[in-house]
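Hi,

Here is the structure I promised to pass on.

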Amino acid sequence: MRRGHARLSLTGQVALWSLVPVIVLGFVLARVLQTQIEQRTLADADQSAQLVARLGVQPWLTPRDLHEGLTAQSIHALDVQLRTRSVSDLARIKIWSAAGRIVYSDDHALIGRSLGADDDDLHDALAGHPDPAEVVTPALHTETASEAGLGRLVEVYVPLRFVRSGPPAGAFEIYLSYGPIAATVSHDERTIALVVFLGLALLWAVLYRIVASASRRLRRQARENDRLARYDPLTGLPNRTLFRERAAAAIGPAHTHIRPVAGVKAAAGAQWEPLPDRARADGASVAVLLLDLDGFKQINDTLGHSVGDAVLREVAARLRAQLAPDTLLARLGSDEYAILHPHARGVEDALTLAATVQAALQAPVTFDGVALNVEASVGVALVPDHARDADELLQRADLALDRARTRRGGVEVYAPEHHRSGAERLALLGEVRPALERGEFALFYQPQLALRTGRVTGVEALLRWRHPARGLVPPLQFISLIEQTALVGPVTLHVLDLALGQSADWRAAGLDLGMSVNLSARNLHDPALPEQIAALLGRHSVPAAALTVEVTESATMADPATAVDVLEGLRALGVGVSIDDFGSGNASIAYLAQLPVGELKIDRSFVTPMCASPRDEAIVRTTIDLARHLDLHVVAEGIETPDVCDRLAAMGCDTGQGFLISRPAPAAELTPWLVGRLGEGSVAAGSPV
Ligand code: C2E
Ligand code: MG
Ligand code: MG
C-alpha cells in the first residue's frame with residue numbers, strides 16, 4: 001500500500017483521497033433525497049385518499065347511515081359513485097361506524113364485520129387522531145387479511161365527521177395500490193441520483209483540475225527554485241552548492257579514513273596521509289582546480305558590468321569547451337570558477353588540465369573591438385593526496401589558489417605550508433602593529449649591478465619579519481595579508497623610513513647607491529603618499545633621484561586614475577618609478593607607455609630559465625628591445641647563473657639582480673661586500689650570505 005502511494009503522484013493521491021468524501025457525500029445526499037421523496041409521495045397518497053373520502057364518499061352518507069347501516073340502494077349508489085370517480089389507485093375502501101362496524105366496503109362481503117380488538121390504527125382514527133399514511137403488505141391472519149392478494153398498499157385512515165367538533169362519527173380505511181406510487185418514487189430517485197452523481201462528478205473534476213494545475217505550478221516553481229539554488233544564473237553553470245555535492249559524491253565514503261601523518265596533530269594545517277588500503281580501486285584521485293581571473297575587477301570597474309558579465313560568460317564557454325564530459329565546471333563566485341576532475345591520475349593529470357584551461361584563455365576576449373587579456377590563477381588540490389572530504393578539498397584548493405594569485409597566471413598545487421587558517425591569518429594581522437612598534441620588521445637588501453660595467457648601482461629593499469616565534473618570515477607569507485588592510489600604509493612608511501635611513505648611512509660612508517622600495521596597490525590609492533615620501537627624503541637628506549619605487553602592473557590597474565596621480569606626484573619629486581615583475585600581468589604595452597615610468601623589471605619567471613627556454617629568452621629579448629624603444633631603463637631580476645648574466649649583457653639589458661650576484665642580506669652583512677665591490681669593473685659570482 002505504502003509503495004503504491006510512493007509511486008502515485010501527489011496529484012494522483014489528492015485525486016484518489018478526494019474521491020472518498022465525494023462518494024460519501026453522494027451517498028448521504030442520495031439517501032436524504034430518497035427519504036424526502038418517499039415521505040412526499042406518502043403525503044401525496046394520504047392527501048388523495050382524504051380527497052376520495054371527503055369529496056367522493058362522504059357527501060353520499062348521513063349520520064343515520066353510519067348509525068343504522070346502509071340500505072342496499074345506498075350501497076349501490078356508493079359503488080356507482082366510486083366507479084365514476086374513477087379513483088384508479090383505490091384498492092380497497094372500508095367505512096367504519098363509531099361503534100366499530102363496517103357499514104360499507106367496495107368488497108360487499110366485508111359489510112357488517114366488526115372491529116378486531118387489536119386494530120390500533122382504526123382505534124386511533126375513530127378517536128380523531130389518525131396515524132400518518134404507511135406502506136403495508138397485507139397478510140392473512142392480520143388486520144389486513146381481507147386485502148391479501150392486492151399487493152403492496154398504502155394504508156390511510158381518515159376520521160369521518162359530519163360536524164366540526166366532537167368525536168368522529170366513523171372512519172374511512174382506504175388502501176391505495178403502491179405499485180404506481182413506487183414507480184414514480186423510483187423514477188424520481190433515479191433522476192435525483194443521476195443529478196447528484198453528475199453534479200458531484202463535475203465538482204470533483206473541477207477540484208481535480210484546480211489541484212492539478214496548482215500542483216503543476218508548484219512543481220515548476222520547485223524546479224525553478226532548485227535550479228536557482230544550484231545553478232549560476234549568469235553562466236548557467238552549477239554553483240558552489242551543486243559543485244560541493246558533486247565533489248562529495250565523487251569522493252564517496254572511501255576516503256574518509258585517512259590518518260594524520262605520525263607526529264602531526266590532527267589540527268587545521270595538519271598533513272594528511274592516505275591509508276594505503278583506502279586508495280581507490282582504480283587508483284584515481286579526485287582533483288579540484290579553482291580558477292580566479294586576474295584583473296577581472298579592473299575590467300568590471302573600467303568597462304562596466306555588462307562587459308564584465310560577457311567576459312564571465314565567454315570564459316565559461318571556453319572552459320566548458322575544453323573539458324571532458326565527466327569533468328564538472330562550476331562558477332563559485334564573482335570571477336572564481338571550479339573544475340572537478342573525478343578520475344585524475346595524480347597531480348600530473350591535474351596540472352595538465354590546469355595548463356589546458358589556461359591555454360584556452362590565452363586568446364584575448366574581444367568586445368566592441370577592444371581586446372581584453374584574461375588570465376587565470378589556478379589552485380589545485382586532490383583527494384586523497386591533500387584532503388579527506390569535499391569541504392577540506394575545496395578549502396585546500398582555495399589555499400593553493402591564494403598562493404597562485406600572488407603570481408598572476410600562476411598554478412599552485414596545495415602544500416601543507418600554504419595552510420594558514422582564517423584564525424591564524426587574523427592572529428598574524430593582529431600582531432602587525434605591535435611588531436611595527438617593537439621594530440620586528442627589518443630590511444634585507446639585494447644589490448643591483450650595471451651589466452655593462454659590473455658596477456653595483458643600487459639595492460632593492462626587501463622586507464622581512466623577525467617574528468619572535470616563527471623566526472625570519474619572508475614577505476610572501478604576510479605581505480598579501482597586510483595589503484588587504486589599511487595597515488599597509490604604516491608598514492610601507494616604515495620600510496621607506498628604514499631604507500632611506502640606510503641609504504643615508506651608506507651615502508655618509510661614501511657608497512652612492514640607488515635604493516629601490518616595493519609599493520603595494522593600496523599605497524597607490526593614497527594621494528598623500530608623494531608628500532609623505534618627500535618628508536622622509538627631507539628628514540634623511542637623501543636626494544629624490546636616489547629612490548625608485550617598484551610597482552606591479554596590476555597595482556597600477558586597480559584604480560588607474562589615482563595611481564597615475566600618485567606616480568606623477570612622485571615623478572615630480574624626482575623619484576624613479578619602476579614596473580616590477582614586468583610580463584607577469586596583463587596590462588597592454590599601450591597602457592604602460594602612458595604611465596610615468598622610467599624602468600621595467602623583467603619578471604624573474606622569464607629570466608631565471610631563459611637559457612633553457614627559447615620562449616622565455618624571446619620574451620626577455622623583446623622586453624629589452626621594447627624598453628630601449630620606449631627609452632626605459634631595464635632591469636632583469638632572478639639571475640642565478642653566469643650564462644643568463646652573459647646573455648642578458650649581450651642583449652643590452654642595463655641592470656641585473658639575482659642570487660648569482662648576491663642573495664638579499666641585512667645591511668650589516670652587505671656593507672663590507674658593497675665596499676669591496678664598488679668601483680670594481682667585473683661581475684663575479686659570490687654571495688655574502
Ligand atoms: P620582488 O619585488 O619581485 O622581489 C624580488 C624577489 O625575488 C625577492 O623575494 C628576492 O629574494 C627574490 N629573488 C631575487 N633574486 C632571485 C634569484 O636569483 N632567484 C630567485 N628564485 N629569487 C630571487 P622576496 O624577498 O621573498 O620578496 C618577494 C616579494 O615580496 C617581492 O618581490 C615583493 O613583491 C614583495 N615585497 C618584498 N618587500 C616588500 C615591501 O617592503 N613592500 C611590499 N609592498 N612588497 C614587498
Ligand atoms: Mg621588487
Ligand atoms: Mg620582482
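A word on accessibility first: buried means under 20% relative accessible area, exposed means over 50%, and partly exposed lies in between (1.4 Å probe, protein chains only). Aspartate 625 counts as partly exposed, at 33% relative accessibility.

Now the conventions. This is a predicted model, where local features need pLDDT of at least 70, side-chain atom pairs count only at pLDDT 80 or more, and totals for chains, interfaces and linings use all residues. Residues are numbered from 1 along each chain as its sequence is written, chains are lettered from A and ligands numbered from 1 in the order in which they are written, and side-chain values use heavy atoms, with hydrogens and water left out.

Salt bridges

A salt bridge here is a side-chain nitrogen of Lys or Arg within 4 Å of a carboxyl oxygen of Asp or Glu. The count is 26 salt bridges. Side chains of opposite charge can pair when their charged atoms come close.

Aspartate 625 is in one of these pairs. Its partner is arginine 628, at 4.0 Å from N to O. Both residues sit in helix 20 (residues 614-629), three residues apart, about one turn of the helix. Helices (H or I, at least four residues) are DSSP runs, numbered from the N terminus, as are strands (E, at least two).

Salt bridges with shared partners also build a network: Arg92, Lys94, Asp106, Asp107, Glu147 and Glu173 are joined into one.

Arginine 615 pairs with aspartate 616, with 3.4 Å between the closest N and O atoms. The arginine 615 end is exposed, with a relative accessible area of 56%. Aspartate 616 is buried, at 9%.

Helix 11 (residues 390-405) holds both glutamate 392 and arginine 396, four residues apart, about one turn of the helix. Their side chains form a salt bridge, 3.9 Å from N to O. Glutamate 392 is buried, with a relative accessible area of 10%. Arginine 396 is buried too, at 2%.

Cysteines

How many disulfides are there? The count is zero, taking a disulfide as a pair of cysteine sulfur atoms within 2.5 Å. Cysteine 611 is in no disulfide, and the nearest cysteine sulfur, that of cysteine 645, is 10 Å away. Cysteine 653 is in no disulfide either; there the nearest cysteine sulfur, again that of cysteine 645, is 9.0 Å away. Cysteine 611 is partly exposed, at 31% relative accessibility. Cysteine 653 is buried, with a relative accessible area of 4%.

Best wishes
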